[in-house]
Amino acid sequence: AVAVAALAAGARLAPPAGLVRSAHGLDGRRLAGEGPWAPSEGALFLELDPARMPAPSAGPALALWQAAQAARPRPAPQPLQLQIIPVPGEVVPCQTRYTVAALPGGARLRLRLNNHGAAAAAGVALTLAAPDARAVLDGAARTLDVAPGAWAEAEWRIRPGASGQWRIDGRSADGAALAPVVFRVEAEVDGEALLARLAPERKRLFTAAEWLRCDGNVVTTCAFTRAATAAGWRLGFDFKTQGNQNWAFPRVPLPADARFDRFDAVLVRARVSAPATVRLFAFEAGGGGNIGYFTRDTAMPSDGAWHWLLVRIPELVHCWAAEADPDGRLDPRAIDRISIGMNSQFSAANAIEFGTAALVRLAD
């Protein structure tokens, strides 16, 4: 059994004696001894002894594993496999969905057909099905040829208005059906239209001055700057070097009339200068001030273009690196600070520029 362990900054992993057969860094190097380990990249691979692994506990992962074991008959391996290849800036992969940017000519949905077999596959027919057929702008059907041990790609131009479950089916020339790709698509919200139709009591916009009161919650090596701009305001982060520890989540104190006893979502128009994992955090009052809940997935594209971000507070999950919540659940009424920041592993310098930020109430 192989496991991946992610560690908070400065943390050390000390597993029970005998459980780990070997430990390796992310580059494959073997780590000496039986722990504790604190790899510089913040994560490591562990080869576990199955005989010493603890019994699985209840949870979503166990439920999915049990469902997979119960599936009968099991599908036979196929040499032809379908794989979605996200187009940067147009399709953003998340754990539960693909978020599609609202582009004037539509976004590109790209599929790769992999041939792991020894024979060429000619005339493989592909069909894209959307909840609304009008969302596929250039026809649903594609045909690909792919050589042994190679791959070929097809693209569709799609309009992101049809949020929901999408599916790509494939059929080889001999009539055999390929395992389909089934996935969720979520459209980027039209924030301007949303604000226009909300009654005044259902929205509360931030001023640049209010947002720029944020604290300096950034990694210690980061030079953090903040400033008003012609479009709104900007948070700049100079991390000096690339690396896994480049994080910046400045916390904005919420004014008394901007709290989640009246509102249930955050709406932002922003752009991120360079590639990063962008998340929204909400922090509860109390404890050591770091009881944090965040978006499970990256919240918005980081391609230098303007995007709208809508986050519903009930969808946030507890951050594993934050302080434990004594009652074990998010209390929206206790949130007193929010943050929209980043982990910028691949860029030594980055920035978020804001044009609009608001709290809104969507539920009746």
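Predicted model: local features only at pLDDT ≥ 70, side-chain atom pairs only at ≥ 80, totals over all residues.

Trainee: Let us begin with charge pairs. How many salt bridges does the structure hold?

Mentor: The structure holds 19 salt bridges. Side chains of opposite charge can pair when their charged atoms come close.

Trainee: Which residue forms a salt bridge with Asp364?

Mentor: The partner of Asp364 is Arg202, and their closest N and O atoms are 3.7 Å apart. Asp364 lies in the segment after β25 (349–360), while Arg202 is in the loop between α2 (191–197) and β14 (203–205), so the pair ties together parts that are 162 residues apart in sequence.

Trainee: And is Arg202 buried or exposed?

Mentor: Arg202 is buried, with a relative accessible area of 16%. Asp364, in contrast, is exposed, at 95% relative accessibility.

Trainee: What about Glu353, which residue does it form a salt bridge with?

Mentor: Glu353 pairs with Arg271, and the closest N and O atoms are 3.0 Å apart. Glu353 belongs to strand β25 and Arg271 to strand β19 (residues 265–272), so this pair ties together parts that are 82 residues apart in sequence. Glu353 is buried, with a relative accessible area of 14%, whereas Arg271 is partly exposed at 29%.

Trainee: Turning to pockets, what is the volume of the second largest pocket?

Mentor: Its volume is about 560 Å³. The second largest pocket is lined by 25 residues, and those closest to its centre are Arg97, Glu186, Leu310, Val311 and Glu315.

Trainee: Which element gives the most to that lining?

Mentor: Strand β22 gives the most to the lining of the second largest pocket, with five residues. The elements that give two or more residues to this lining are β13 (181–187) and β22 (307–312).

Trainee: How do the residues of the lining divide into nonpolar, polar and charged?

Mentor: The lining of the second largest pocket has 13 nonpolar, four polar and eight charged residues.

Trainee: Now the surface. Which residues make the nonpolar patch?

Mentor: Val4, Leu26 and Phe45 make a nonpolar surface patch of about 270 Å². Leu26 sits in the loop between β2 (20–25) and β3 (30–31). Leu26 is partly exposed, with a relative accessible area of 45%.

Trainee: I also marked Lys240. What is its phi?

Mentor: Lys240 has a positive phi of about 80°, although it is not a glycine. Lys240 is placed in the loop between β16 (233–238) and β17 (247–248). With a relative accessible area of 52%, Lys240 is exposed.

Trainee: How far apart in space are Gly175 and Ala51?

Mentor: Gly175 and Ala51 are 45 Å apart in space, C-alpha to C-alpha, and 124 residues apart in sequence.

Definitions and conventions:
Residues numbered from 1 in each chain as written. Heavy atoms only, no water. 1 Å grid on protein atoms, 1.4 Å probe; cavity = no way out; pocket = protein on both sides within 12 Å on 5 of 7 lines; lining within 4 Å. Points joined across faces, edges and corners; volume = space filled by probe spheres on them. Helix = DSSP H or I, 4+ residues; strand = E, 2+ residues; numbered from the N terminus. Nonpolar A, V, L, I, M, F, W, Y, C, P; charged D, E, K, R; others polar. Patch = residues over 30% accessible without salt bridge, like charges linked within 9 Å, V, L, I, M, F, W, Y side chains within 5 Å. Areas by Shrake-Rupley, 256 points an atom, 1.4 Å probe, with all protein chains shown as cover. Salt bridge = Lys/Arg side-chain N within 4 Å of Asp/Glu carboxyl O. Buried < 20%, exposed > 50% of the residue type's maximum accessible area, 1.4 Å probe, protein only.
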